Amino acid sequence: MIEIYKASAGSGKTETLTRKYLDLLLESGAGDREAYRHILAVTFTNKATDEMKERVLRRLYELSLEDSEKGGRAKSVLITLLHDYSAFSITTIDRFFQIVTRSFAREIGQYASYRVEIDDKAILTEAVDNLFDSLDKPENKNILDWLVKCALSQLELNGTNNIENELLKMAGLFLNEDFRIKKLKALEDGRFYTDAETIEKLENGLRKSVKEYENTVISLAESILKTVSDAGLTPEDFRYGDIGVVKKYINKDFSKAPSKRFFQLLDGPDYWFSKNKYKEFKAKGELARSYGLQEKLSSIRDMFGNPFKTYHTNKFILKNLYIFGLFNEIYRSIYQVLKERNMMLLSETTEAIHRIIDGSDVPFIYEKIGNRFDHYMLDEFQDTSVLQWGNFVPLLKDSLASDNYNMIVGDVKQSIYRWRGSDWSTLDSGINEQFREDQLSYPKLEDNYRSGSNIVEFNGDFFTSVTLDPKITEIYKGAKQKSHKPFDGYINVNFVEGRSREFRQKSLAMLREQVDRLTKELHYPLSSIAVLTRSNAEAKMVAENLIAYGYDVISEDSLTLSSSFSVTAAVAVLKSLLYPDDAHNAVILSQLDIDIASLNLDFAAEEGSLYNLCESILRKVFPEPLQGEIVYVNAFLDSVLDYQNSYGSDIAGFLDWWKESGINKTVALPDMAEAIQVFTIHKSKGLEMDVVILPFFKMPLSHASRSDVYLWGTPPDDLSQMGIVPLKFSGIMENTFFNKEYAQEVLYTQIDAINTAYVAMTRPKVELIINAPLPKDGGNNKDKGVSDLLYNYLLSNYSDYKTNGESFEIGEEIDYADYIRNSSSGKSGSDGSKEQVKITSNASFPIHGESGRLKMAYRADGFFEDSNRIKGIVLHDIMSAVYTPEDLPTAVSAAVREGKLPEADSARVLQNLSLRIGSHPEWFDGSMQVLNELTIVATDGSAERPDRILIDGDRAVVIDYKFGGEDAKYRFQVLRYMRSLGKMGYRDVKGYIWYLEDNKTVNVE
C-alpha cells in the first residue's frame, strides 16, 4: 500500500511521516532491531534531512524512558541505530541517487573515483571556452563556419552579436530535464540528427519556405489593393476599413493573421460596405467582384491557418538553428572537460540512473547498492522530477509486490522549483498512472498547526478565490484549513503607489517603520522576523537598507565571500601577480593600501600550490586577523582548495572561476542568530517564522517581454529528423505548431507565481505583512501579478478593513511576551523568550611566520637517493595518468601538488620519463584505445590490474611497468594478463615487461 498525503502548508506532513517511520521501526517485529536498514526516507534538502533524523532520535529517546515493552524496544533500537548510524537511511534524493550512481560507475562509463560537480556553470563556461580555443585547428573549419553563420543569424534575427552568451544559454538548456526526457524519446524513435549536412539542408529548406510564403502573401496583398483601386474604391470605403490590413503584409509585417472581420469580407459585396454606404458603393463593389476580388480574398485566407503556422514555425526554428547545430560540439566539449577532470555533473546523474534502472531487475539494483529497502517514504514529493519519479517507480512496485507499506507526502501548491526540474503533475496525477487504484490510499490532513486563525482563514479564502484557469482552481480547492493555535494572528497589506523604482523606495521606508514597530513597540526579537523576496537582488537591497538603518541582518547575500575585505584584498593581490599592468586592479590595491613589491611573493617558493600562495598572501597582507573576517578567510581558503583539487593551481583559471562562480560563494548561515533573516521565498519553503514581511509582493503571472526563457519543442512531421528544437518563449508561438508548448508554459508560469505567493504567505505564525504595488487600471491591467488578484480580492471581501488609503488590517497585533505566554511553539529559555545565538565565531586563522608552522612531509623526500620502493610507487602513479606524451607534464605537476614528488625533483623526473616514452612512440601515439589501471575480474572471482592495455579491434597489447631489477616472476604475471584477455575474445594478444630504470623491454610469449 502507498499512502499519499496531499496536504496544505502547516498541516504536519513531515511530523506525520516521522510518526509513520517510527511505527515501522518499532512494529516490524520484536526481534528486528535493524529495521532502519530497510526503510528509506527521502527528502530534498540537507536541513530537512537533519531535522527528520533529529525528530526520530528525539522521539526514540523519549520512548526509551518509558517503563513498557514499547519503551524497551525503543531503547534497543536506539542503541543499535547509534552504533550503526551510517545505515540510518534518511537522506536527500540527490544523495540516494549518488549512492546508486557510484554503484553503477562502470555501467555508466565512469571511474569509481569520479567527483560530482554541482557548479554546472563553471563546466559550461570552460567547455564553450575550449570550443572557441580549438577553432584554429584545420579539422574544426566546419565548426568555425557554423559559428560565423550563427553569429550573423543572431545579429539579423535577435539583434545581438554576442555568440558566446548565446552558446552558454543553449549549453545550459542541454542540461535541463525537459531536454533529457525529450532527447531520450527522440533517440528511441531514431530522430535526433545534428550533423552539419542535415542542418545545412534544413536551413536552406526553411529559408526557402519562409521566402516563398512571404512573397506569395505580398503578391496577393498587392493584387487585392490593385483590384480595389481598379474598381474605383479605396480601403477606407470598406466596412471598418479592414481590407486595408493587407498593407502591413506588403511592409513585411507577418506577426499576426488578419482579424475575423477581415475574413467576413469573403461573404461578398453585401458585407463589404456599411448600410449607409451600401447604395453608394454597390456598383463599384460588383465591379471589384467581377475583377476577382472575392477569389483573391479567398486565396489570401488560405495562406492563414496551417500555412501561417508553418511559416512562423520555420522562422522560430531558424532563430536558433545554428546554435542547435553546434549541439554535438558543445556537448562533446562539455564531456571532454568532465572526462579530463574525472567528474560527473549532478544534473546528469538522474538520467544516467534512468538508463540503468529502465528494464533492470530490482534485486540487481539492491545487490549493487548493498542494501535492501522494503519501505519507501518520500517527502516534499511535489519537488520530484519526472526522471526521479521514474527511477523510484520500479523500487516501489517491488515493495508493493511484497505487500509492504510506503508513503508519499507533498503539496502541489508548494511546487516552486520548476526551474530546476520539479514537476507537480507527478503528485497531481502521475502516481495514479503507475499504480492500481487498490494500491493507493489518500488520508487527509486538514488542520493547520503553524499559523493563527486569521492567517489560516485569510490564505484559504484568497487562494480558493483564484480562478485564472480550471487547473488552478482544482489545485487550490483544498486550501482551506482550521487553525489549532491559541492566538488569532494579524495581517497587514499595504498597496503602494509608484512605478518599479519609486515603489521599492517607498516600500523600503515602510519596511523600516514596520521593523521599528515590531521590535520597539511589540518587543519582537530580531531573530523572530523574516523578510522574504523573490530574487537575490531584492534580498541584497533589503539587507543593505536595514544594515544602513542600524539593524543586524543575516542573509546569504550579506555572507558572500566577495563582501569580505580580506578576501577582496587576497584576490586583488593574486590578480596583480598575473596582470601587473591592470590599471583597474592597481586602483583597488591602492585603495586597500597594499604595496605588492613589499610582499615578496614567489609562486615557485610556495611549491606551485595555489592554496599555499593564497594563504601566504593573507598572512603577509594581514599580520593581525581582522575582526569578524576569520570565517570568510577560512571559507575562501576552502574554496581555493576545492578548486585546486579539481582544476589544479593555474592562477588565471582560478581568477576566471572566481569571476564566474567563486564570487557568489557564501559562508554557512548560522541558525537562530540574533538578527533579522533576509532570504528568498524559494529558500523559505519548509520553514516557519513568527513574523514574515513581504516588501516587494507582486509575483508576475507572465514572463517579461524580454525574458530569456527557452522551451524544447517537438517539430512538425516534415522536420521530424531534428527530434527536438530550442524555442525562445514569445507570444508569437501561439501562431506556430508549438502552440501547445506555449499554452502549457503560460499556465505553468501562472501556477509558479501563485504557488510562490502561497509558500510566502503561509510561512508566518503570528504576523503577515505585505507591501505590494498599487495596481494600475484598478487591478485590471493586462500584465497582472498576484498582487492585482490580492487587491481585487481585498476590495471585494475586506472593504470594511480599509483603514488608511490602500492599507488593510485583519486581526489585532499581539505583544511578543503575550504570544510566548499563550503559545506552546518554539523552544524557550528560562525567561520565556526564545533561545538566541549571538553571531560570533570561534574559528581561528593563526598569524605567524614560517617557523612553527606545519609543513607537508613528502613521502618521496630524497626521491632519487632513498627507497626504490617509494620511487617506484610515485613513478607508477605518474605513468597511470599518462595516455599520450602530452599528459606527462600534467601528471608530474599533479604528483608535486599532491605531495608525492618534491618540486626540486620534478624537472628530472619529467625529462627521464619523456625519454622513455619517446622510445616507444607506438604505445603512446593515440592510435589505439588506452586502458590504464583497468581491473579484470576473472570467472573465478579473482581480480588482476595490468598497468596499461592497448586495444585495436581484436588485437590487444598489455604492458606492465617495473621500476626495479629484473625478476622471472614478472613474466608469469604478464602471461596471466594475456590469458585473461584471450578469454575475453581478443585473438591477437601481445605482452611486454617494461623496466623503466634501464629502459629495457622484455617480450613475453
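Student: In which loop is Glu-380 found?
Tutor: This is a predicted model, in which local features need pLDDT of at least 70 and side-chain atom pairs count only at pLDDT 80 or more, while totals for chains, interfaces and linings use all residues. Residues are numbered from 1 along each chain as its sequence is written, and side-chain values use heavy atoms, with hydrogens and water left out. Helices (H or I, at least four residues) and strands (E, at least two) are DSSP runs, numbered from the N terminus. With these names, Glu-380 is found in the loop between strand E6 (375-378) and helix H20 (386-401).

Student: Does Glu-380 count as buried or exposed?
Tutor: A residue is buried under 20% relative accessible area, exposed over 50%, and partly exposed in between, with a 1.4 Å probe and protein chains only. The relative accessibility of Glu-380 is 15%, and therefore this residue counts as buried.

Student: What phi does Glu-380 have?
Tutor: Most residues other than glycine have a negative phi. Glu-380 is not a glycine, yet its phi is positive, at about 50°.

Student: Where is Asp-403, which has a positive phi although it is not a glycine?
Tutor: The phi of Asp-403 is about 60°, and with a relative accessible area of 68% this residue is exposed. Its place is the loop between H20 and strand E7 (406-410).

Student: Which strands are touched by H20, which packs on a sheet?
Tutor: The sheet is open and has 6 strands with parallel pairing, in the order E3-E2-E6-E7-E1-E8, where two strands pair if DSSP finds at least two bridges between them. Its edge strands, E3 (90-92) and E8 (440-441), each pair on one side only, and strand E1 (residues 2-6) is joined to E8 by 2 bridges, running parallel. The direction of H20 makes about 140° with that of E6, where axes are lines fitted to C-alpha atoms, for helices over the stretch in contact, and angles run from 0 to 180 degrees between N-to-C directions. Contact means heavy atoms within 4.5 Å, and the strands that H20 touches are E1, E2, E6 and E7.

Student: In E18, which residue is the bridge partner of Ile-693?
Tutor: Another open sheet has 7 strands with mixed pairing, in the order E13-E14-E12-E15-E18-E11-E19. Within this sheet, strand E15 (residues 689-694) and strand E18 (residues 764-773) pair in the parallel sense over 5 bridges. The bridge partner that Ile-693 has in E18 is Ile-769.

Student: What angle does the direction of helix H32 make with that of E18?
Tutor: Helix H32 (residues 739-761) packs on the sheet and touches strand E12 (529-533), E15 and E18. Helix H22 (residues 453-464) also packs on the sheet, where it touches strand E11 (490-496), E18 and E19, with its direction at about 45° to that of E18. For H32, the angle with the direction of E18 is about 135°.

Student: Which residue just after H36 takes a positive phi?
Tutor: Helix H36 spans residues 888-897, and its buried residues include Leu-888, Ala-891, Val-892 and Ala-895. An α-helix has 3.6 residues a turn, so residues three or four places apart point the same way. Just after this helix, a positive phi of about 80° is taken by Gly-899.
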